[in-house]
Amino acid sequence: MAFEGLDELYREVILDHFKSPRHHGKLLSHDVEQEGFNPLCGDQIIVQLKIDEGKVTNIGWWGKGCSISQASSSILTEEILGKTLQEVEHKIQFFKSMMQPQGEVSKNEEEGDLEALSGVRKFPVRIKCALLGWTTLEEAINLWKKIHNS
Ligand code: ZN
């Protein structure tokens, strides 16, 4: 794996999600589906959301690509499931700012497996890989809002 220099703990978390992706696969029913593509690396992600009463009540995803893109998508499902759209949008913005190469990361807001992805900032070409699932999620929410005029 081409991540010499990534802390071992971070590497383990990313590999764990890559090998055992959470909430992987199509949903039986969904309210919105969005596809995302990162041409720099060839990563592809499809995200499905079930949204009830302003909350993400289910999420499914699948795709192909590098371990960072797939692990990041897996990690995000655990971060947003059961959250309100507002909370999810806040999380997306937080993650985007966390992935800025010079971005300051508030230690208080970093939590669990999300923190493992902060190590990817050391590899600028892989930042788009880490962001793919999140930007696709953001597009899915925007699409849902458009459909529902909210
Ligand atoms: Zn990638």
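How many salt bridges does the count come to? The count comes to 6 salt bridges, where a salt bridge is a side-chain nitrogen of Lys or Arg within 4 Å of a carboxyl oxygen of Asp or Glu.

1. A word on the basis. This is a predicted model, in which local features need pLDDT of at least 70, side-chain atom pairs count only at pLDDT 80 or more, and totals for chains, interfaces and linings use all residues. Residues are numbered from 1 along each chain as its sequence is written, and side-chain values use heavy atoms, with hydrogens and water left out.

2. Helices (H or I, at least four residues) and strands (E, at least two) are DSSP runs, numbered from the N terminus.

3. The classes are buried (under 20% relative accessible area), exposed (over 50%) and partly exposed in between, with a 1.4 Å probe and protein chains only.

4. Helix 2 to helix 3. Glu79 and Lys91 meet through their side chains in a salt bridge of 3.1 Å, N to O. Because Glu79 lies in helix 2 (residues 67-80) and Lys91 in helix 3 (residues 85-98), the pair ties together parts that are 12 residues apart in sequence. Glu79 counts as buried at 10% relative accessibility, and Lys91 counts as buried at 13%.

5. Helix 3 to helix 5. In the salt bridge between Glu89 and Lys145, the closest N and O atoms are 2.6 Å apart. Glu89 sits in helix 3 and Lys145 in helix 5, 56 residues apart, and the pair links distant parts of the chain. Glu89 is partly exposed at 24%, and Lys145 is partly exposed at 24%.

6. Asp16, Arg22 and Glu78 are linked in a network of salt bridges. Within it, Arg22 pairs with Asp16, their closest N and O atoms being 2.7 Å apart. Arg22 is partly exposed at 21% relative accessibility, and Asp16 is partly exposed at 37%.
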